[in-house]
Amino acid sequence: MKEIILSTKKNGMAVMLATLLLCLAGIGAIIGGAFLLEFTGNPSLMIVGIVVTCISWIPFCGLKVLKPQEALVLTLFGNYIGTLKEAGFYFVNPFATAVNPAAKTKLSQSADVDSSAKKGFLTISSTGISTEQESANKKISLKVMTLNNSRQKINDCLGNPIEIGIAVTWQVVDTAKAVFNVDNYKEYLSLQCDVALRNIVRLYPYDVAPNVDTTGDGIADDGSLRGSSELVANRIREEIQSKVSEAGLEIIEARITYLAYAPEIAAVMLQRQQASAIIDARKMIVDGAVGMVEMALERLNENNVVELDEERKAAMVSNLLVVLCGNHDAQPIVNSGSLY
């Protein structure tokens, strides 16, 4: 379906005034015909006034008001005739019908912020979609909107369950595709966000893991959800865009808003991270202690402070390592006798 932009003149005000005058003329003809009927017995003027009054409301159906960044898709007897996109007061064919299948659909996004306390809603928890029971506006918003997709539990490439949420910035760029190519473009976008998120997240580990290929080139890399969030977000955006192009939507940006291990394994993974941090810290302490012992022995030999045989060197190295690598302060012991 190709979008047709209507270049209709903004003559809504003139038509409205003319219609009001026509309605007043019809009412005046009825009143004048009633007086004329009493004197002449001719009801023609009154009949004409009744007919004019009865049909004078029809032009009002063709009056359309558009605010900035709004569009109106019009059909005439089932055929698509075009889209109004520029702000103004229009008059179109009174029998033309505005179409927007997503008018009653509310997403968790910036453009759908009406209070649910004032209106009835039917909520679908899996997609964050709710349907308003009252009649909704048929205009299509062309503004940039942000969809805050609900958190999902997904297994990463190592099989660990994680919870992740994304915010997608999008807008309608082709109203004809949005209305006629899909049943409901808002629901379609929300579902495609869920699918794209699952497709991309399962390619990455939560944290850096060895022997994992996240790019598909057959070479292990350091990609991860936690460390490569910018790259992951771009891949999610590209994946969503490839799915929603046929619906006339443009994905401007996608960002990860929440990322954490699922509650059932969060405690275990925390212990694993703590153990890894302790091992790294211990390794650094040992490396530093060995360097300090080597430096101490070299300085003693250079300055001829004391001559140590291999057994005394071994004892000194053992004592220094215990002092430097221990978790507590050393308790000095004065040895006034011989080592032997």
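In which helix is Ala 196 found? In this predicted model, Ala 196 belongs to helix H4. The residue is buried, since its relative accessible area is 1% and the limit for burial is under 20%. Beyond its neighbours within four places in sequence, Ala 196 is in contact with Ile 236, Glu 239 and Ile 240.

The protein chain contains seven helices and 13 strands. Of its 340 residues, 33% are buried. Contacts between residues at least 6 apart in sequence were also examined, and 67% of them join residues at least 24 apart. The accessible surface of the protein chain amounts to about 20200 Å², with carbon and sulfur atoms accounting for 58% of that area.

The largest nonpolar core comprises 40 residues, and the members that touch the most others are Trp 170, Tyr 185, Leu 189 and Ile 240. Two or more residues are contributed by each of several elements, namely strands E2 (70-76), E10 (145-148), E12 (161-172) and E13 (249-261), together with helices H3 (175-180), H4 (185-201) and H5 (229-244). Helix H4 supplies the largest share, with seven residues. For Tyr 185, neighbours within four places in sequence being left aside, the contacts are Asn 100, Ala 102, Ile 140, Trp 170, Val 172, Ala 178 and Leu 249. Another core lies apart from the largest one and consists of seven residues, including Leu 66, Leu 74, Val 92 and Ala 98.

Aromatic pairs were considered next. A pair of aromatic rings is described by the distance of the centres and the angle of the planes. Four aromatic pairs are found in the whole structure. In one of them, the ring centres of Phe 77 and Phe 95 are 6.5 Å apart and the planes meet at 25 degrees, so this pair is stacked. Phe 77 is located in the loop between E2 and strand E3 (79-84), whereas Phe 95 is located in the loop between strand E4 (88-91) and strand E5 (97-98); the pair therefore ties together parts that are 18 residues apart in sequence. Phe 77 is exposed, because its relative accessibility is 69%. Phe 95 likewise counts as exposed, with a relative accessible area of 52%.

In a further pair, Tyr 206 and Tyr 261 have ring centres 4.0 Å apart and planes at 35 degrees, so the arrangement is tilted. Tyr 206 lies in the loop between H4 and H5 and Tyr 261 in strand E13, so that parts 55 residues apart in sequence are tied together by the pair. Both Tyr 206 and Tyr 261 are buried. Elsewhere, the charged end of Arg 151 is placed over the ring of Tyr 258, at 3.6 Å from the ring centre.

The loop that holds Phe 77 also forms part of a hairpin. Strands E2 and E3 pair in the antiparallel sense, with five bridges between them. Leu 76 has Asn 79 of E3 as its bridge partner. Two residues separate the strands of this hairpin, and Phe 77 in the turn adopts a positive phi of about 55 degrees.

Note on methods:
Residues numbered from 1 in each chain as written. Predicted model: local features only at pLDDT ≥ 70, side-chain atom pairs only at ≥ 80, totals over all residues. Heavy atoms only, no water. Core = buried A, V, L, I, M, F, W, Y, C linked by side-chain atoms within 4.5 Å. Buried < 20%, exposed > 50% of the residue type's maximum accessible area, 1.4 Å probe, protein only. Helix = DSSP H or I, 4+ residues; strand = E, 2+ residues; numbered from the N terminus. Contact = heavy atoms within 4.5 Å. Areas by Shrake-Rupley, 256 points an atom, 1.4 Å probe, with all protein chains shown as cover. Phe/Tyr/Trp six-rings, centres within 6.5 Å; stacked < 30°, edge-to-face > 60°. Lys NZ or Arg CZ within 6 Å of the ring centre and 35° of its normal. Pairing = 2+ DSSP bridges.
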